[in-house]
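Work through the exercises below with the model open. Each task is followed by a solution in steps.

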Amino acid sequence: MVEVRANPNYESSSPFGAEEHYREFICTEEYEGKECGFMVRAKTDDEVIEHAHMHQEMAHGVKEISPDLEKKIKERIKVVPIKPGDSRVAKKKSILDTCI
């Protein structure tokens with residue numbers, strides 16, 4: 001499962017029920033005068049990085065991911081708890097449906 005959202009305004013954990021752990025990346029690049037806020041959440045770092053790369057190309061025009069940018073993306077991935085069935089975790093869909 002992968003969740004892709006723009007501008008998340010929520011808390012990352014729930015005090016009720018069992019939780020799973022997901023990887024999360026939030027883009028903090030400047031976009032149209034404000035922080036981008038794009039967020040992707042997935043089970044693995046590789047999946048998160050794949051979506052972050054697509055986002056960087058589509059939203060910020062970055063055609064090639066430099067080693068420095070790759071490192072920054074990896075450093076900003078954090079583990080977040082999610083309650084199973086939480087609506088914030090969607091089925092994988094095309095990133096074209098979620099960018100910009």
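Contact here means heavy atoms within 4.5 Å. The model is a predicted one.

**Exercise 1.** State where Gln56 is placed, whether Gln56 is buried or exposed, and which residues Gln56 is in contact with, leaving aside neighbours within four places in sequence.

Solution.
1. Gln56 lies in helix H1, residues 45-60.
2. The cut-off for buried is under 20% relative accessible area. Gln56 counts as buried because its relative accessibility is 2%.
3. With neighbours within four places in sequence left aside, the contacts of Gln56 are Cys27, Glu29, Gly61, Val62, Ile65, Leu69 and Ile73.

**Exercise 2.** Follow Cys27 from that list: which residues does Cys27 touch, not counting those up to four places away in sequence?

Solution.
1. Cys27 touches Glu35, Cys36, Gly37, Phe38, His55, Gln56, His60 and Arg76 on that count.
2. Cys27 also belongs to the largest nonpolar core, which has twelve residues. Among them are Phe25, Cys36, Phe38, Val40, Leu69 and Ile73.
3. E5, H1 and helix H2 (67-75) are the elements that give two or more residues to this core.
4. H1 gives the most, with three residues.

**Exercise 3.** Describe the strand pairing of E2 with E5 and with E6.

Solution.
1. Strand E2 (residues 20-26) runs antiparallel to strand E6 (residues 78-82), and five bridges join them. In E6, Pro81 is the bridge partner of His21.
2. E2 also pairs with strand E5 (residues 39-42) in the antiparallel sense, over four bridges. Here Phe25 has Val40 of E5 as its bridge partner.
3. Phe25 and Val40 are both in the largest nonpolar core.

Note on methods. Residues are numbered from 1 along each chain as its sequence is written. This is a predicted model: local features need pLDDT of at least 70, side-chain atom pairs count only at pLDDT 80 or more; totals for chains, interfaces and linings use all residues. Side-chain values use heavy atoms; hydrogens and water are left out. Two strands pair if DSSP finds at least two bridges between them. Buried means under 20% relative accessible area, exposed over 50%, partly exposed in between (1.4 Å probe, protein chains only). A nonpolar core is a set of buried Ala, Val, Leu, Ile, Met, Phe, Trp, Tyr and Cys residues joined through side-chain atoms within 4.5 Å.
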